[in-house]
Amino acid sequence: MQSVLLFEDAVRGDKFELGGKGYGLAQMTAIGLPVPPGFTITTSVCKQFHAHGGMLPPGVMEEVKAKVRDVEAKTAKKFGGGQTPLLFSVRSGGPFSMPGMMDTILNLGLTDATAEAWVAEGADPRFVYDSYRRLIQMFGKVAMGADGRRFEGELEAAKAKTGAKSDLGLSAGELRRLAEGFKATVRSETGLEFPQEPYDQLKMAIVAVFKSWDNPRAKEYRRYYGISDDLGTAVNVQAMVFGNMGADSGSGVGFTRNPSTGARELYGEYLSNAQGEDVVAGVRTPAGVASLDPRLQRELGTLATKLESHFKDMQDFEFTVERGKLYLLQTRNGKRTALAAVKVAVDMTDEGLITAEDAVTRVEPDMLGTLLHRRLDPSASEEPVAKGLNASPGAASGKVVFDTDEAASRGGTERVILVRPETTPEDIRGLIAAQGVLTARGGMTSHAAVVARGMGKPAVVGCSEIEISGDRTAFTTKTGARVSAGETITIDGSSGLVYKGEVRMVDPEMPPEFSRLLQKADTIRRMGVWANADTPEAAERAYGFGAEGIGLCRTERMFNAPDRLPIVREMIMSRSVEERRERLYRLYPFQLADFRAIFSVMRGRPVVVRLLDLPLHEFLPPAEELAAEIQRMREEGSPQADADARQAVLDRVRQLAEHNPMLGHRGCRLAVTYPEIYEMQTKAVLRAAIELEKEGAAAPRVKIMLPLVAHAGEFRLLRRTIEGAAGELFKESGASVRFEVGTMIETPRAAITADEIAADSDFFSFGTNDLTQTTFGFSRDDVEAKFIPRYLELGILPCSPFDSIDAAGVGRLVQMAVEGGRKAKPGLEVGVCGEHGGDPKSIAFFDSIGLDYVSCSAYRVPVARLAAARAAVGDRTSPSTK
């Protein structure tokens with residue numbers, strides 16, 4: 001492919017060669033829309049430019065000059081000529097939309113001589129020198145590195161001197177003097193003269209646009225949106241048309257549909273006697289397109305229909321009116337709100353413009369999440385005081401409370417935000433009562449994050465930018481802000497931002513098109529979508545969002561409940577198996593009620609119950625708190641027996657303490673040591689199923705899952721334990737139910753030896769949170785705050801492996817386990833229940849390796865349904881035509 005292409009010759013190019021803007025210009029030209037002529041320098045030239053130290057490849061400028069001659073012939077104008085000169089706009093245009101991140105120069109080709117000759121020919125001198133001062137200002141800043149603030153200051157001074165309210169109030173003479181002043185500013189800022197040779201201007205502008213691909217704001221934008229640094233930008237050189245030629249001219253931006261609501265109506269803004277940059281920069285307040293002449297409104301409406309018919313998507317286009325004639329300068333797929341995205345996708349399907357498969361690719365899955373939670377009002381202007389990890393979406397405001405018991409007591413009558421260094425199972429009462437939670441430590445799978453997601457409450461965790469005072473009465477941020485107990489803050493769990501005071505919010509919006517889009521997705525996707533839910537409330541919510549089963553029911557949540565925790569602690573303190581069994585069976589009625597409620601809610605759909613995973617010390621108070629409590633009791637003269645009882649608990653905590661609990665005595669290892677725990681849980685699970693069947697309820701599909709299995713021997717031993725407990729129950733009750741026993745695959749050894757484990761296992765479910773930790777050797781709660789951001793900044797990692805699956809490493813282990821497991825047991829059911837089960841990028845990977853289902857938090861179920869459908873159609877999303 002040639003490096004430089006006229007718009008009409010580029011129609012077969014794609015967005016990765018032409019950039020989004022160049023692609024749009026080529027397509028509009030091909031279908032006969034009124035597009036000023038021009039040419040595109042492809043992204044391959046940008047790549048060569050950066051590979052060779054910022055030098056244009058040989059021969060490129062010769063190609064450029066040849067294309068300039070072609071445009072001269074089309075326009076009957078001369079580039080740099082004195083009479084009605086051909087001027088150019090020079091704009092960037094990467095494959096993906098990066099609005100405002102790279103550079104643009106307008107009116108290129110004007111010089112002192114050209115301006116004078118144009119005026120002498122009869123052109124309006126005010127228009128000519130307004131265009132010239134704009135060129136010097138933009139070119140001086142973008143191509144020569146002058147401080148743009150100096151130009152703005154001189155412009156403001158000129159308006160103040162003449163009493164002009166805007167630049168429209170400046171006369172031709174004042175604009176000419178301003179242009180001379182701008183040239184002097186360029187000279188003083190750069191030590192160079194403003195170039196008076198048009199081709200010098202053009203070459204410098206092309207170089208400047210290529211350089212802008214690597215400017216800091218563009219790099220940060222790409223990092224945030226996951227756009228590759230290797231794509232490069234194209235350069236679009238287009239004949240200028242002028243919106244600043246008088247009252248019958250102007251510039252505007254239009255949308256073929258309302259980008260806020262999705263309504264099928266022409267939407268946009270127009271600024272009379274202005275160039276396009278004025279509209280974008282906000283130098284004057286534009287009017288709606290309804291202010292246009294009726295004839296132009298009709299023309300715009302016709303063009304909008306043609307654009308949608310061709311591009312099959314809502315378009316965002318720029319236009320200029322020059323002396324009453326309408327021109328289109330660019331088009332791209334329009335940015336839109338989540339609400340609009342859903343409506344546009346469904347409406348266009350109804351209109352026959354696109355297919356159902358197209359529709360599911362038109363809505364980013366994560367957009368759906370914003371429709372399910374309260375969120376900050378987009379028009380709110382408050383500045384955040386801190387940023388942490390966006391652990392659970394939604395926004396909440398409330399008074400700061402540092403104490404869990406206080407949160408529990410006040411949360412029933414007022415809105416509170418629980419602020420803790422980190423949360424533990426003992427904080428559950430406060431979490432239930434609070435509007436949301438903010439922690440200084442912890443990661444995306446920390447206790448606070450997991451519980452908040454399950455409850456659908458906003459959470460910001462691992463916020464290392466706050467420091468909580470030792471007396472728990474206030475916290476300070478790295479910006480110096482201080483927030484005391486009782487003050488109101490707002491947290492945004494979707495972005496991780498923390499604000500002082502109450503920020504305006506908007507309620508969730510669930511348009512009727514929402515369910516219709518998901519119904520379309522369900523007919524397309526291959527994978528099932530299940531949910532992680534530990535309570536009947538969470539299960540009901542998941543069911544309502546369309547979950548086809550519960551892929552992870554964590555029983556720790558049940559053990560942590562306030563009415564059960566004392567019994568759990570007594571069990572842990574037991575000195576004999578008999579004593580431990582007695583305490584466990586005091587928990588049995590609670591577990592039985594829990595499972596009955598969850599099975600009942602799921603109405604016969606599968607429920608995967610993960611038996612106890614947490615190490616026992618997690619259910620006991622922290623050693624530091626116990627030691628402080630004992631010291632206080634002694635100082636206050638408390639009864640010796642009470643102090644001795646607390647000392648016994650402290651001794652047990654120290655006995656159970658581990659240097660690395662994540663890799664210690666937890667999961668199935670706990671049951672190898674204390675099999676009676678899993679025996680009790682198994683009986684409670686199966687008894688619940690038996691009772692519901694007897695009552696005529698839909699028979700639940702019971703699946704019992706063993707956590708943290710690393711060796712087939714562990715699984716075989718514990719399967720015998722479970723089957724033994726089941727046999728005892730069936731004999732005692734005179735009834736039985738079918739059940740399956742499977743395992744979580746969350747260690748590298750389990751993945752590598754999956755064929756051995758599969759021989760005895762009925763299903764696999766990948767716990768990708770722990771599998772990622774054990775594969776990388778990362779402790780998530782530590783690395784996410786301490787060095788993952790630096791790894792992302794340096795490009796060592798493309799994204800956090802806890803956000804999206806590391807396909808090359810962790811993903812390879814998952815694939816090995818799937819292949820090994822199904823080789824040993826054809827048809828083995830395989831799913832994933834880690835956080836990656838709700839991540840669209842990860843879902844695409846899981847679909848590609850043949851997983852049967854993904855399981856995620858209830859509020860991610862709609863997201864996963866859409867993402868699974870996109871994966872099934874190959875995620876045919878295309879770059880925006882920016």
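**Reading helices**

Mentor: The buried residues of α35 are Val861, Pro862, Val863, Ala864, Arg865, Leu866, Ala867, Ala868, Ala869, Arg870 and Ala871; buried means under 20% relative accessible area with a 1.4 Å probe, protein chains only. Helices (H or I, at least four residues) and strands (E, at least two) are DSSP runs, numbered from the N terminus. This is a predicted model, in which local features need pLDDT of at least 70, side-chain atom pairs count only at pLDDT 80 or more, and totals for chains, interfaces and linings use all residues. Residues are numbered from 1 along each chain as its sequence is written, and side-chain values use heavy atoms, without hydrogens and water.

Trainee: What covers the buried residues of α35?

Mentor: Among the covering elements are α13 (356–361), α14 (365–370), α18 (512–524), β24 (528–532), α34 (840–848) and β31 (853–857), where contact means heavy atoms within 4.5 Å.

Trainee: How are two packed helices described?

Mentor: One gives the angle between their axes and the distance between the axes. Here the axes of α6 (residues 148–162) and α7 (residues 172–190) come within 10 Å and cross at roughly 150 degrees. Therefore α6 is roughly antiparallel to α7, a term for angles over 145 degrees.

Trainee: Which residues of α6 and α7 meet?

Mentor: Arg150, Phe151, Glu154, Leu155, Ala158 and Thr162 in α6 meet residues of α7 including Leu178, Phe182 and Val186. By class, this contact of α6 with α7 has six nonpolar, four polar and four charged residues.

Trainee: What follows just after α35?

Mentor: Gly874 is found there, with a positive phi of about 80 degrees.

Methods
Buried < 20%, exposed > 50% of the residue type's maximum accessible area, 1.4 Å probe, protein only. Axes fitted to C-alpha atoms, helices over the stretch in contact; angles between N-to-C directions. Parallel < 35°, antiparallel > 145°, perpendicular 65-115°, else oblique. Nonpolar A, V, L, I, M, F, W, Y, C, P; charged D, E, K, R; others polar.
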